[in-house]
Amino acid sequence: MAMHAVRLSPATQLHGGISSNLSPSNRKPNNPIVRYGCGSSKRCRTVTVLASVRENDANGRDNSVRAMEVKKIFEDSPLLPKPLSSNKLAESVSNGSRVRVAYQGVRGAYSESAAEKAYPNCEAVPCEEFDTAFEAVERWLVDRAVLPIENSLGGSIHRNYDLLLRHNLHIVGEVKLAVRHCLLANHGVNIEDLRRVLSHPQALAQCENTLTKLGLVREAVDDTAGAAKQIAFENLSDAAAVASAEAAKIYGLNIVAEDIQDDCDNVTRFLMLAREPIIPGTNRLFKTSIVFSLEEGPGVLFKALAVFALRQINLTKIESRPLRKHPLRASGGLKYFDYLFYVDFEASMADEVAQNALRHLEEFATFLRVLGSYPVDTTML
């Protein structure tokens, strides 16, 4: 999905929290916390951007017209500062304005915490879809995006690998966030009253043992904080959400159980994305991310990886994704998928050894692109 359309929706607020009658600031939890595992009157105007597979929208307007409409909506919204323009970006950075960072989900999502860790004191802007966050950076509506790329338990987020290739953004950093799941319910609801639990499928899977012991029916929703929001807004008395402690504060919920994940070492790695790449250095540990494709044949992938091994460059990640919109390759009477290979390696593109490795790879790769060369997040090593 390369192009996007715009609509107004009450689904996702871009600024502020929920209504004050759900604020937990003056209320204390009625129920004890159980530990598992690891020890104004005007209606708010909100904006969401939805993906569309069409080149033009339903009214036949082209992308430039719709891009102007997006900009106009954001400028008119009382909930957001005016979006940055190319003329004002340098000025906003120099005068100390807050960086605006897009993330996927609603307030209270783990991605919001990652955005705030990556850019302290930033203005975190929620987006309905991963595509929306990429689009927001490209259209200068925000300065950065912070999006998940892999989880230590759930594996890779394939959607974002595909979007890295589809959009012309650069990886400028990474941030690792420890994920601590809590079971959240409305005040007055005891753990024995619960019959079902709502959350993102990965969060439900990461709490499999605890949820099975409690005998709860699992219901998948789009994101963890969205589940907490639904529990609060619908005032459900038989359901809980698996989400963060921050989501409990935002949506006025009670934490009936905390640390319910099956594995203590539950870490999600996020990428920091920008319109322009950073200039890599050699004064600290750097990582470089690339994507390439190869001709079909015996030992071709071995040759590609050997360009790094021969130069003592350590690979930290390799991910293969089918090459979309490309017919199956026929070879020897059989048909094969064409693949893209995403590789992370520990070296800076300022290092001549890394430059030589990519020159070597270019000799037989059918496609090669550097997605970014950026400092390694060592806070959780």
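**Reading buried arginines, a helix pair and positive phi**

Me: In which strand does R269 lie?

Reply: R269 lies in strand β14, which spans residues 267-274; please keep in mind throughout that this is a predicted model.

Me: Does R269 count as buried or exposed, and with which side chain does the side chain of R269 make a polar contact?

Reply: Burial is read from relative accessibility, and R269 counts as buried because its value is 7%, under the 20% cut-off. The side chain of R269 makes a polar contact with the side chain of D344, at 3.1 Å. Leaving aside neighbours within four places in sequence, the residues in contact with R269 include L147, P148, I149, E150, E174, K287 and Y374, as well as D344 itself.

Me: Where does R100 lie, and which backbone oxygen lies 3.2 Å from a polar atom of its side chain?

Reply: R100 belongs to strand β4, residues 100-104, and is buried, with a relative accessible area of 3%. The backbone oxygen in question is that of L141, which lies 3.2 Å from a polar atom of the R100 side chain.

Me: How should I read a pair of packed helices, and at roughly what angle do the axes of α10 and α11 cross?

Reply: Two packed helices are described by the angle between their axes and by the distance between those axes. In this model the axes of helix α10 (residues 300-309) and helix α11 (residues 352-362) come within 9 Å and cross at roughly 165°, which means that α10 is roughly antiparallel to α11. The crossing in which α10 passes α11 is right-handed. On the α10 side the contact is made by A304, V307 and F308, and on the α11 side by A357, L358, H360 and L361; these residues divide into 6 nonpolar, 1 polar and no charged.

Me: Near what value is the phi of N235, and does N235 count as buried or exposed?

Reply: The phi of N235 is near 50°, a positive value in a residue other than glycine. N235 lies in the loop between α8 (224-233) and β12 (239-243), and N235 counts as exposed because its relative accessibility is 57%, over the 50% cut-off.

Technical notes: Residues are numbered from 1 along each chain as its sequence is written. This is a predicted model: local features need pLDDT of at least 70, side-chain atom pairs count only at pLDDT 80 or more; totals for chains, interfaces and linings use all residues. Side-chain values use heavy atoms; hydrogens and water are left out. Axes are lines fitted to C-alpha atoms, for helices over the stretch in contact, and angles run from 0 to 180 degrees between N-to-C directions. Helices (H or I, at least four residues) and strands (E, at least two) are DSSP runs, numbered from the N terminus. Angles under 35 degrees count as roughly parallel, over 145 as roughly antiparallel, 65 to 115 as roughly perpendicular and the rest as oblique. A crossing is left-handed if the near helix is turned anticlockwise from the far one by less than a right angle, and right-handed if clockwise. Contact means heavy atoms within 4.5 Å. Ala, Val, Leu, Ile, Met, Phe, Trp, Tyr, Cys and Pro count as nonpolar, Asp, Glu, Lys and Arg as charged, and the others, Gly among them, as polar. Buried means under 20% relative accessible area, exposed over 50%, partly exposed in between (1.4 Å probe, protein chains only). A polar contact is a pair of N or O atoms within 3.5 Å; within protein, one must be able to donate a hydrogen and the other to accept it, and residues adjacent in sequence count only if both atoms are side-chain atoms.
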